Protein chains: 2
Amino acid sequence: MNIHPIYDKMLSRSEREKALHQKSMVLWFTGLSGSGKSTIAVALERELYSRGYVAQVLDGDNIRHGINSNLGFSIEDRRENIRRIAEIAKLFMQSGIVTICSFISPTLEIRQMAREIIGEQDFFEIFVDTPLEICEQRDVKGLYQKARAGQITGFTGIDSPYEAPVNPDLQIKTANQELAHSVRAALEFTLEKIKHY
Amino acid sequence: MNIHPIYDKMLSRSEREKALHQKSMVLWFTGLSGSGKSTIAVALERELYSRGYVAQVLDGDNIRHGINSNLGFSIEDRRENIRRIAEIAKLFMQSGIVTICSFISPTLEIRQMAREIIGEQDFFEIFVDTPLEICEQRDVKGLYQKARAGQITGFTGIDSPYEAPVNPDLQIKTANQELAHSVRAALEFTLEKIKHY
C-alpha cells in the first residue's frame, strides 16, 4: 500500500470542493414555525444528492436533541444555540459540504451573528415568507394553539417578535404556490452557485 | 427542471453512505500531546481523499477556536469540550463522513462519554502510544518545557494524569517506526471497515 509524502496540514476547503465537484456554502433558511422552511430544506437536500452533490441539513431535530440539549430558551441560551449552530455550519462548509440550516432565527441581530461567524461571502439568507395566519392555520405541530392558550410562552409570531430579513438573498413565498415550486426556486438558486468551485 | 415527489424526511445515514460509497464511522485518536496523533490523523485524511473517500479531521485547531472558544480548562469545561466534540463527530458521521477526532482525551471516563454519545458500534478508539519521554523530547509546541517550568498547570503527563486505553481498537507505537508506517496502520484499519456500507 502506497503512502504519499506526509505533510502536516489538513486538507483545505478548496481541495475538498474540487474533490466533491462543488462549491460549498451555507444556505440559512429563516421563517416562522410552520412556514415550510424545513420541508423545503430537506427536499433541497434530496434534490442536490440526486444530482451527485453532497449537502447536509442542520435543523432542530439533529441539533437541539444533541449538541444543544443543555440549552434552554432564555435569551442567552437562544443566542448560544445559534452561535453553536453557525460554528457547526462553518465546519461542514469548510468540509466542502453544501450546508442547509433551517432555524426560525427570529431577529436581525441573531442572523447577523450567524453571518459574521460563517463569513459574509459564504452565507446566503433564504427567507421562507409565509404569513403568520397561514402558519397558524397549518399548525402542524399544534404549537400555535398551545401558544395562543398560553401553554407556551415566548413563541415567535405570537408573544415574541419575528423580524423579517431586510434584503434576503432569496425570498420564497409559499402561500400561493405549490411546494414543488418553492423547492425549485431554492434548487435553482443553489445550482447557480454550486458550480463555481 | 424536474423536482422529485417531496417527502418530509431527511436523507438517512445509509442513503448517504451509499451515495458516498463508504461506511461512515468515528475514529477517535487519543494520546499525549506530541504523540503524533494529529499528524497521523491528517495524513490519514489525505490518504482517504486520494482514494475517493470523504473524511474530516476534528482537532483542537478547528474546534477550540470556534465552537468551543467559550470553554476554559476546568474539569467541567473539559468535559463539555469533549461532549460537544462527540456530538459534532456524530453529526458528521450521520452525514456519511469518515470522522477522525484527534484529542488528548486523557481519561477513561471522558472517552467513555464520547463512545456513548457516538454509539458503541461506530466508535473506534485508536491509541497513539508514544512514551512521555519521547513526546517531551519532541516538544513541538514547547508546551512540555512550559509545563515543567510551571508556566502551564494541569498539563497531561506532567501534573495531570493520562489513562491509557485498556483495549483500544488499534494501537500505534510511533517510537520505533517511521511515520509512514503509522499512517499505513491507520489506513489499513480504516479501509477494512469503510467498505461495509
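Tutor: Start with α4(A). It has 20 residues and reaches 29 Å from its first C-alpha to its last, close to the 28 Å expected at 1.5 Å a residue. The expected span is 1.5 Å times one less than the number of residues in the helix. Helices here are DSSP runs of H or I with at least four residues, strands are runs of E with at least two, and both are numbered from the N terminus.

A word on the source. This is a predicted model, where local features need pLDDT of at least 70 and side-chain atom pairs count only at pLDDT 80 or more, while totals for chains, interfaces and linings use all residues. Residues are numbered from 1 along each chain as its sequence is written, and chains are lettered from A and ligands numbered from 1 in the order in which they are written.

Now look at what is hidden in α4(A). The buried residues of this helix are N81(A), I82(A), R84(A), I85(A), A86(A), E87(A), I88(A), A89(A), K90(A), F92(A), M93(A) and Q94(A). Buried means 20 or more other C-beta atoms within 10 Å of a residue's own; exposed means 12 or fewer, partly exposed lies in between, and C-beta atoms are placed from the backbone. After the helix comes G96(A), with a positive phi near 95°.

The largest nonpolar core has 94 residues, and A89(A), C101(A), A89(B) and C101(B) touch the most other members. Such a core is a set of buried Ala, Val, Leu, Ile, Met, Phe, Trp, Tyr and Cys residues joined through C-beta atoms within 7 Å. Leaving out residues up to four places away in sequence, C101(A) touches I85(A) and A89(A), along with V26(A), L27(A), W28(A), F29(A) and L58(A).

Next, the partner chain. Contacts link 34 residues of chain A to 34 residues of chain B; a contact means C-beta atoms, placed from the backbone, within 7 Å. On chain A, the elements giving two or more residues to that side are α2 (37-50), β2 (55-59), α4 (75-94) and α8 (179-194). α2(A) gives the most, with eight residues.

So what is α2(A) like? Of its 14 residues, 12 are buried, so this helix is largely enclosed by the rest of the structure. Its cover includes β1 (25-30), β2, β3 (98-102), β4 (123-128), β5 (170-172) and α8 of chain A. Y49(A) also lies in this helix. Y49(A) is partly exposed, with 17 other C-beta atoms within 10 Å. Setting aside neighbours within four places in sequence, Y49(A) contacts A55(A), L11(B) and A19(B). After α2(A) comes G52(A), with a positive phi near 90°.

How do the two chains relate? The same surface serves both copies: 100% of the contact residues of chain A recur in chain B.

Last, the whole chain. Chain A has eight helices and five strands. Buried residues are 45% of its 197 residues. Its C-alpha atoms fill a box of roughly 65 × 35 × 30 Å along the principal axes.

Definitions and conventions:
Two residues are in contact if their C-beta atoms, placed from the backbone, lie within 7 Å.
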